[in-house]
6 protein chains.
Amino acid sequence: MRPSGRKLDEMRAVVIEPHVMKHAEGSCLIKMGNTHVLCSASIEDKPPSFLKGTGLGWVTAEYGMLPRATNSRTRREAAAGKQSGRTQEIQRLIGRALRAGVDRSALGERQIVIDCDVIQADGGTRCASITGGWVALRLAVNGLLKAGTIVSDPMLDHVAAVSCGIYAGQAVLDLDYPEDSVAGTDGNFVLTGRGRMIELQMSAEGATFSRGEMGELLDLAEKGIAELVAAQKAALA
Amino acid sequence: MRPSGRKLDEMRAVVIEPHVMKHAEGSCLIKMGNTHVLCSASIEDKPPSFLKGTGLGWVTAEYGMLPRATNSRTRREAAAGKQSGRTQEIQRLIGRALRAGVDRSALGERQIVIDCDVIQADGGTRCASITGGWVALRLAVNGLLKAGTIVSDPMLDHVAAVSCGIYAGQAVLDLDYPEDSVAGTDGNFVLTGRGRMIELQMSAEGATFSRGEMGELLDLAEKGIAELVAAQKAALA
Amino acid sequence: MRPSGRKLDEMRAVVIEPHVMKHAEGSCLIKMGNTHVLCSASIEDKPPSFLKGTGLGWVTAEYGMLPRATNSRTRREAAAGKQSGRTQEIQRLIGRALRAGVDRSALGERQIVIDCDVIQADGGTRCASITGGWVALRLAVNGLLKAGTIVSDPMLDHVAAVSCGIYAGQAVLDLDYPEDSVAGTDGNFVLTGRGRMIELQMSAEGATFSRGEMGELLDLAEKGIAELVAAQKAALA
Amino acid sequence: MRPSGRKLDEMRAVVIEPHVMKHAEGSCLIKMGNTHVLCSASIEDKPPSFLKGTGLGWVTAEYGMLPRATNSRTRREAAAGKQSGRTQEIQRLIGRALRAGVDRSALGERQIVIDCDVIQADGGTRCASITGGWVALRLAVNGLLKAGTIVSDPMLDHVAAVSCGIYAGQAVLDLDYPEDSVAGTDGNFVLTGRGRMIELQMSAEGATFSRGEMGELLDLAEKGIAELVAAQKAALA
Amino acid sequence: MRPSGRKLDEMRAVVIEPHVMKHAEGSCLIKMGNTHVLCSASIEDKPPSFLKGTGLGWVTAEYGMLPRATNSRTRREAAAGKQSGRTQEIQRLIGRALRAGVDRSALGERQIVIDCDVIQADGGTRCASITGGWVALRLAVNGLLKAGTIVSDPMLDHVAAVSCGIYAGQAVLDLDYPEDSVAGTDGNFVLTGRGRMIELQMSAEGATFSRGEMGELLDLAEKGIAELVAAQKAALA
Amino acid sequence: MRPSGRKLDEMRAVVIEPHVMKHAEGSCLIKMGNTHVLCSASIEDKPPSFLKGTGLGWVTAEYGMLPRATNSRTRREAAAGKQSGRTQEIQRLIGRALRAGVDRSALGERQIVIDCDVIQADGGTRCASITGGWVALRLAVNGLLKAGTIVSDPMLDHVAAVSCGIYAGQAVLDLDYPEDSVAGTDGNFVLTGRGRMIELQMSAEGATFSRGEMGELLDLAEKGIAELVAAQKAALA
């Protein structure tokens, strides 16, 4: 029934390749099927100015898409002179999600910038960015620990994200673009490794939804997140 | 226990004054306690270009805040030269929420722009904008029906929104600013008059949350939305 | 003869409601007939950088208009990405006018920002902004005096403004939009409570004018300003 | 008493060199003492879109200043990414002033753009721009008449401008920079060749002013304008 | 003597992987040692407006760099709100270079946009962009020919580019970043497959140069280009 | 054969008038036939921030063009809100070229900004800007030496530039606009007074070129530069 032939609760193949960028303190390429996102973590010695003197660190994110990551070419945001509302919304979400998994006091007064650049898009880019961004962040923090720059690990738990939705009347896991573009209801779920919720965004894209449907999607999400956390562990092993 | 002395499931006083703007096709001033938002609906004869020839209409929204709506002055976005990521995220949400309550085919090839300008802020401005914006939209559509410009009513149901969160360890309804600024978990719930869900955004602002807590917040939201829908009806009576 | 039925030297009803914004150090809503402007004064502890170390304070102003303050919707300047030339010209005028009524040495090294936001427009918004802005400024300065932050009153005199013009061949006081849009000559007059002139801007909008006509308009302006100053006093009483 | 040694009612030396720009339909270099402005007129076959089908033409102006026209270098507006409020205010004034001297119906559906670029500044640049801009406009219109593109002359009268102010307690004509920077009251006067008024802007820059002082400045302005109109005639002869 | 241990006339390892982007009409990943650039070609049915009705096509290019392609993080241009002067200079060069290898009449009224995005930077990114961009362009044109959209091949010859410079007093081929950052003279050479010159940019970065040195660099460039053209052929085979 | 009737190796008449701007530390008007550029040098006491504490100075350049310097009016960059790619490319070239002629250590921690504003354009504006900009720079540095602010002369040699190209199949010196707009190959050559090369940019604008042609153009450039250096010397005498 699904265009890809997947089962309702079947994820796309997930591949996370760590250490793909020579210069970054942490990096990976995450592939969720045909969605490919390059994630890097850059450590800055100073926190943003509003945190100066608080002893707290910060994690933030930026998101971009190569112009031809999409089926028809999208205008380059640098040429357009601004980031779209969609881009800003996504990068704010990534930053919030990753910060929720970090003890900012243990991180200390520094900032880690996560860059998520979509090389190829086929639905679910913001979720892939969170899942891959966490691996880049974890690798960068490992470097700080190894160097002795920080002494206690600020990473509280894994953070991963997946989208689920109602496609052709049925709850399905990990929407790809052909599903996403027609789904009646669409949700993004950010969870921790222990299954606690960090962010949940559900939106009626044509049909309103019920509490029951919400529960079904959440069940699928929990299953998917467990697989993503396993993939994160494998990549770091 | 709540700074305002309200009960856990008690809304702030809701007042919706319709017809407050002389020039707009529909308008109201909505007050949720000390949060005051001026909402107007402007009808444009043409749809956005991507809908030309489809027979479908469009509803969109813009959001703004007077510089001194807040406790300390916020920089004017027009002077800064751009809308913040927060503003864009909010106005995209308002537009999506209101569109979900409209039969765009019955609306026909025209656009209705909902402007939500916060005159005074005390938490919950995006939810107030949706609830008040719906009243402005309803009034503008009433005018189209009365004039015979459209013949069947495109309004599918009421749309209203409320925020709930975990404050001091307890689920509370309709967060005001003192609660919102320290709440561990914060959610915005957009529902229809019949209690169907349109949009649900929950976010851990310092503490992750469980499915049980999610359910509690949703119970509160359903109670609050019923009261908001009653206030919308009273304003239109 | 006037569209509104007013006499040639008759002002619109003037209402000034003080203390309308909970957060601002000073505020009022000024209504000149159907022109409604929300004015707030925000005190900042530091002067602009070019005044650091001079012992002098600064008063500046920003002006905005809600998109649907006007008969047809005006594009939101924050969305357009810049303030129009008209907006900048108006806010520079408001700032200059109010500064002329202040002893900047007595004010000391601080800045007061006057925000004038037009809620509804029917001609004369810049004049209403000056007259209402002065009340907001006066209230904010009263707070500084009461708190003992400053000891001698920096307010030199009332400042108020009115527009006059040649409409249908006759000099009329306080143009509303139907008059303003066809007036051959149009002037804005900013005067002090004692009748001294601060700013005078007259412009031929289709017909040049003579010194005699200039004198007639100025006579009307002096009459109007006296009434506005009385309204300011009543609002502060 | 004046820094330049001029009498109270003495203008700076005025020189208007026509035809200084090879490509423009009309051009001149106007020198008011050390203030030098290059003015060009460019004819465009189409009017701005809001005039399409009305039979009316348009005259508009743009104003700029070379970075080192001033005593200390001013940041290039093209590099800053926007025109300052001051620039926009000035170019709106120039455009309004020149349009007031044109029968837009006789001009027909075309636009003439007047560019005024300050090569060297010593006070009074906006007035010099109007006086020189009129010469460029007159030359461009002469070309249209000569070519038979238009048949009746749309130029109604000369337009010229001068600044006057209260310097060291005395009314003086044609302020240069040392005077302008300390003048208590400062005014710009735009008049026609027959002495009718087009625009009058007076502003208290530190001291309010009386009707009597206003009259004195206007007397000076009338004298100055007569000399400027004579210089325009000489340049065109 | 070279930091990398290469001989004076030795290129870095060149790898060109074609067909790396699922959505693009043509694409490749080019690696010049540690410099990696993703190149895509997007065909648009319409030419830019200035070519409408001429029968001629257009090839243009855009260039970008991921924020962490560089040793320390570079600010994202989309977030900064504009492309730097360097970026614009580079993308203008790429477009000019590729257009010189195309018969725009045979291409017909369409546009091909080449996007060159630097994934990792180690010197020579503009040259790699030209060499790889040509492969993407060739593949996209092959598609047009295969589909019969165009009938005669518009590609006139191979186009490739390499940088050479004076490093530590000696002429060296294919500068990497450690060499580029200290080279006294630096040149970019764009040649055709037959060795004709398209673009030549040499610049003294600290030491002026002579005609003799220019000749030496050109000799090296000719050698390098021959190897690059061979790599292009291999990638297309 | 050339549109202007000049011989193949004949420059346009070169005139350099020094000291044309009252306020600048150094200035000149350079005329290459109908190409006229106003060049000024502004000394700033502080170097750009990246040089603070290094003991080195900086020379930078900005380039602009009056809207009607060209045959048809070009949009004002300040109004467009940004400098074009062409403008940025040119001003980067001018800055690089002039810096190559300066001992930045002898200049010390200060910055000299060269503004080159094209008053009238007829081809070769970037070359004229370099040749004239060097004169402005020389004059400004002379002032620093005379005042004793710096003690050893940081100017290493003359810097001048000329364009050459293949026009109608023949190598010609100092292209004017009618030649430049159709030339098959076009080059800009920046040389020192002693004939050393600083920058060389050759570009195929329709026809690729050979090493032999390159040599011919360079021969012409060397002849032209010698004449320009003589003109610089005459202007400074």
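Reader: Where does His19(A) sit?
Author: His19(A) is in the loop between strand E1 (14–18) and strand E2 (26–32) of chain A. Strands here are DSSP runs of E with at least two residues, helices are runs of H or I with at least four, and both are numbered from the N terminus. This is a predicted model, in which local features need pLDDT of at least 70, side-chain atom pairs count only at pLDDT 80 or more, and totals for chains, interfaces and linings use all residues. Residues are numbered from 1 along each chain as its sequence is written, chains are lettered from A and ligands numbered from 1 in the order in which they are written, and side-chain values use heavy atoms, with hydrogens and water left out.

Reader: Thanks! Is His19(A) buried or exposed?
Author: His19(A) is exposed, at 61% relative accessible area. The cut-offs are under 20% for buried, over 50% for exposed and partly exposed in between, with a 1.4 Å probe and protein chains only. The phi of His19(A) is near 60°, a positive value in a residue other than glycine.

Reader: And what about the phi of Ala168(F)?
Author: Ala168(F) has a phi near 50°, and that is a positive value in a residue other than glycine. Ala168(F) lies in the loop between strand E6 (159–167) and strand E7 (170–173) of chain F, and counts as exposed at 59% relative accessibility.

Reader: Staying in chain F, which helix holds Leu93(F)?
Author: Leu93(F) belongs to helix H2 (residues 85–99) of chain F. With 2% relative accessibility, Leu93(F) counts as buried.

Reader: What does Leu93(F) touch?
Author: Leaving out residues up to four places away in sequence, Leu93(F) touches Arg126(F), Ile130(F), Glu199(F) and Gln201(F). Contact here means heavy atoms within 4.5 Å. The C-alpha atoms of Leu93(F) and Val162(F), 69 residues apart along the chain, are separated by 13 Å.

Reader: Switching to chain B, at what angle do H2(B) and H4(B) cross?
Author: Helix H2 (residues 85–99) and helix H4 (residues 125–146) of chain B cross at roughly 40°, and their axes come within 10 Å. Axes are lines fitted to C-alpha atoms, for helices over the stretch in contact, and angles run from 0 to 180 degrees between N-to-C directions. H2(B) and H4(B) are therefore oblique to each other. Angles under 35 degrees count as roughly parallel, over 145 as roughly antiparallel, 65 to 115 as roughly perpendicular, and the rest as oblique.

Reader: Which residues make that contact?
Author: On H2(B) they are Arg86(B), Glu89(B), Ile90(B), Leu93(B), Ile94(B), Ala97(B) and Leu98(B), and on H4(B) they are Thr125(B), Arg126(B), Ser129(B), Ile130(B), Gly133(B), Trp134(B) and Leu137(B).

Reader: Back to chain A: is Glu179(A) buried or exposed?
Author: Glu179(A) is buried, with a relative accessible area of 0%. Its place is in helix H5 (residues 177–180) of chain A. Not counting residues up to four places away in sequence, Glu179(A) touches Arg2(A), Pro3(A), Arg6(A), Tyr167(A) and Asp174(A).

Reader: How about Glu205(A), where is that one?
Author: Glu205(A) is in the loop between strand E9 (197–204) and helix H6 (211–236) of chain A. At 47% relative accessibility, Glu205(A) counts as partly exposed. Beyond residues up to four places away in sequence, Glu205(A) touches Ala183(A), Gly184(A), Thr185(A) and Asp186(A).

Reader: Now the chains. What rotation superposes chain C on chain D?
Author: A rotation of 180° with 0.0 Å of shift along its axis does it, with an RMSD of 0.0 Å. That is the relation of a two-fold axis. Copies are superposed by least squares on the C-alpha atoms of residues with pLDDT of at least 70 in both.

Reader: Which residue of chain C comes closest to the axis?
Author: Gln201(C) does, with its C-alpha at 2.2 Å from the rotation axis. Of the interface residues of chain C, 100% are also interface residues in chain D, so the copies meet through the same surface.

Reader: Last one: how far apart are the nearest C-alpha atoms of chain B and chain D?
Author: They are 10 Å apart, and chain B and chain D do not touch.
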